[in-house]
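Please read them with the structure open.

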2 protein chains.
Amino acid sequence: MRIAILAHEKFPDRAKTALGVLRYGDYDVEAVLDRDSAGSQVSDHVPDVQDAPIVEGMADVDADVDALLIGIAPIGGGFDESWRDDVKMALENGCDVISGLHYFLENDEEFTALADENDCELWDVRKPPEDLTVSQGIAGEVDAEVILTVGTDCSVGKMTVSMELARDAREAGYDAAVIPTGQTGIMIEGWGNPVDRVVSDFTAGAVEEMIVEKGDEHDYLFVEGQGSIVHPAYSAVTCGILHGAMADQLVLCHEAGKEAIHGYESFELPSIRRYVDLYEDLAEPVSDATITAGALNTADLEDDEEARQAVEEYTDSLDAPAADVIRFGTDDLLEALLE
Amino acid sequence: MRIAILAHEKFPDRAKTALGVLRYGDYDVEAVLDRDSAGSQVSDHVPDVQDAPIVEGMADVDADVDALLIGIAPIGGGFDESWRDDVKMALENGCDVISGLHYFLENDEEFTALADENDCELWDVRKPPEDLTVSQGIAGEVDAEVILTVGTDCSVGKMTVSMELARDAREAGYDAAVIPTGQTGIMIEGWGNPVDRVVSDFTAGAVEEMIVEKGDEHDYLFVEGQGSIVHPAYSAVTCGILHGAMADQLVLCHEAGKEAIHGYESFELPSIRRYVDLYEDLAEPVSDATITAGALNTADLEDDEEARQAVEEYTDSLDAPAADVIRFGTDDLLEALLE
């Protein structure tokens, strides 16, 4: 599938979804739309992802693309009206439009009319399927080994770690798949339930449904976790995923130096040891998962030696193998996680 | 407010909502509709709640009522078509209709047309308000002491215990209110957010919003808990309430003799001691709540002495005062909970 990615004024540093799709998605990215960086190449900004030209707008996309993917989100998840012409032109050209905004494109009359006219689809990935329901408590019955990323906070790398581990496991010859639970993961994988948007009673059920669907097709499932079990706002989603996935193993993701919940700074993070106990004790009555590996995001540490030392300390606190999977690779983790 | 309660073929044993409203609601119940028990009185079936005649249908309700309240729910929460004539007649008489069904009355064209015509309201209590959002992490800032009921499973008495404690605290002269989180609690109190139906990301926020609204008006808030922190399907809601309420004290509710999660019998209940640790350890990073009392439902034990012994054992496991609040009253609990 050939796509263009909209990332106006935010590429690359504030375009998490665009970067995730460039890095992990199975799409041919023909162009990135960013009016601030038009004329440069993706590779001028980010070295290790597929390259593509950065252009002003849809009118400047030379290739014939199948879809336009909205790769950024303003605070609040609304639709920025400065993107309307690009979305309209995409639809007029017969392109599907993929969006993870809170604002659903399919509630926009202009877009739905154009999509109808040009026989193309609006895919609001944040809109949960209507047939979700409560968990039956059966995710533990699948054949696959289920490995869930959990975190000390939001945005500490759970999605990235899941993607890196699954990709490298596949490259090493294992049959591994990702269970996507958030908008970027869903866009990368092309399917999945946006677990943070489902009815709260269906949180575990929304994860279980995916595990059951894929659990006998693969040997390893890497489940993308969300939030943190001690997050004042989002712990419900974390807890529902923990119990819905009925994981066999957990990978605790953390960011080096982080001391408080982002955006909720009066809430200090517990010690790493405490997180291990909290996750394992809470999992135990449902699935008896243990934290068998850790992932530390050291992006803020410039010095490699400093990063290596942070990982060593993290490994000690966890009492399990750990790494920064982007900086130092996934070998140590996969050795611990795969049989 | 004068109401009639619809409970066809299920009063009293399978009419949990009807009974809760009769027992705790601030309504004058003029009639209960149950075609199976028509001609008898509520007091013929249940001794300790307000009395009312049981009648065949709306046509037999003599009094002038303000609302018809649907007091039962079939499995799945659908609307039973055998109730349609009663609901229509209520609306034709200018009565509001209050429903906690999954099936929203306001999506029923016949009902909405009749409600419009007769200037009355359809209140689907299970429909969350549209303006809910994520928690800000501020429930801990309110003046009131926040006391949350938590459970070893669903249906062990959390709603009942919250209502009994709040009522008896008020009768003893304390300024106490209930924060309702489920359909029956919401009907009883006449307001509240149905926390199990909100978007999962807003679970804690839906509770916080209520705590913040009432927290400076009262000295004590009794928050109605939901589910159980080890429930394979519903733990997300439990966790969101625990962190959203930022409780000061927890009351652990349990049913005597229960050994497995209802409907998920392969999941054994952990020990009571384990529940105490799980709830306290999980609360701690957000609000440092402790379990200061317990409530044991001994309804299945016929013998009072046996019940008393079960409560004693429960008290020992908890290491905190406990009682069956229906059987033995709330004195011991209130002494522990109120300053």
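1. One cut-off first. A salt bridge here is a side-chain nitrogen of Lys or Arg within 4 Å of a carboxyl oxygen of Asp or Glu. Asp48(A) and Arg23(A) meet that rule, with N to O at 2.9 Å. Keep in mind throughout that this is a predicted model.

2. Where do Asp48(A) and Arg23(A) lie? Arg23(A) lies in helix 1 of chain A, and Asp48(A) in the loop between helix 2 and strand 3 (54-55) of chain A, so the pair ties together parts that are 25 residues apart in sequence. Asp48(A) is partly exposed, at 48% relative accessibility. Arg23(A) is also partly exposed, with a relative accessible area of 26%.

3. Next, Glu9(A) and Arg35(A). Their side chains form a salt bridge, and the closest N and O atoms are 2.7 Å apart. This pair ties together parts that are 26 residues apart in sequence, because Glu9(A) lies in the loop between strand 1 (2-6) and helix 1 of chain A, while Arg35(A) lies in the loop between strand 2 (28-33) and helix 2 (42-45) of chain A.

4. The wider count. Over all chains, a search of the whole structure finds 26 salt bridges. Some share partners: Glu81(A), Arg84(A), Lys88(A), Asp108(A) and Glu110(A) are joined into one network in this way.

5. Domains of chain A. The domain assignment gives domain 1 as 2-124 and domain 2 as 139-337. Taken over C-alpha atoms, the centres of domain 1 and domain 2 of chain A are separated by 28 Å. Domain 1 of chain A puts 16 residues into the contact, and domain 2 of chain A puts in 14 residues.

6. How much area do domain 1 and domain 2 of chain A bury between them? The figure is about 1,200 Å², with 64% of it on carbon and sulfur atoms. On the domain 1 side, Thr17(A), Tyr24(A) and Trp123(A) lose the most area to domain 2 of chain A. Together these three account for 46% of what that side buries.

7. Polar links between the domains.

8. What builds the domain 1 side that touches domain 2 of chain A? Helix 1 (16-24), strand 4 (67-70) and strand 5 (96-99) of chain A each give two or more residues to that side. Helix 1 of chain A supplies the largest share, 6 residues. By type, the residues of this side of domain 1 divide into 7 nonpolar, 6 polar and 3 charged.

9. Now the interface between chains. In chain B, 37 residues are in contact with 37 residues of chain A. The size of an interface is often given as the accessible area lost when the parts come together. Chain B and chain A bury about 3,100 Å² between them, and 57% of that is on carbon and sulfur atoms.

10. Across the interface of chain B and chain A the rule finds 2 salt bridges. One of the salt bridges in the model pairs Arg274(A) with Asp281(B), at 3.5 Å from N to O. Arg274(A) lies in helix 9 (residues 272-283) of chain A and Asp281(B) in helix 9 (residues 272-283) of chain B, so the pair joins two chains. Asp281(B) counts as partly exposed at 24% relative accessibility, and Arg274(A) counts as partly exposed at 29%. Chain B and chain A also have 13 residue pairs in polar contact, both residues at pLDDT 80 or more.

11. Last, the side of chain B that touches chain A. Helix 7 (203-214), helix 8 (235-245), strand 12 (264-268) and helix 9 of chain B each supply at least two residues. The largest share, 6 residues, comes from helix 8 of chain B. The residues of this side of chain B divide into 22 nonpolar, 9 polar and 6 charged.

Terms used
Residues are numbered from 1 along each chain as its sequence is written. Chains are lettered from A and ligands numbered from 1 in the order in which they are written. This is a predicted model: local features need pLDDT of at least 70, side-chain atom pairs count only at pLDDT 80 or more; totals for chains, interfaces and linings use all residues. Side-chain values use heavy atoms; hydrogens and water are left out. Domain bounds come from an automatic or database domain assignment. Contact means heavy atoms within 4.5 Å. Buried area is the accessible area (1.4 Å probe) that two parts lose on being put together, summed over both. Helices (H or I, at least four residues) and strands (E, at least two) are DSSP runs, numbered from the N terminus. Ala, Val, Leu, Ile, Met, Phe, Trp, Tyr, Cys and Pro count as nonpolar, Asp, Glu, Lys and Arg as charged, and the others, Gly among them, as polar. Buried means under 20% relative accessible area, exposed over 50%, partly exposed in between (1.4 Å probe, protein chains only). A polar contact is a pair of N or O atoms within 3.5 Å; within protein, one must be able to donate a hydrogen and the other to accept it, and residues adjacent in sequence count only if both atoms are side-chain atoms.
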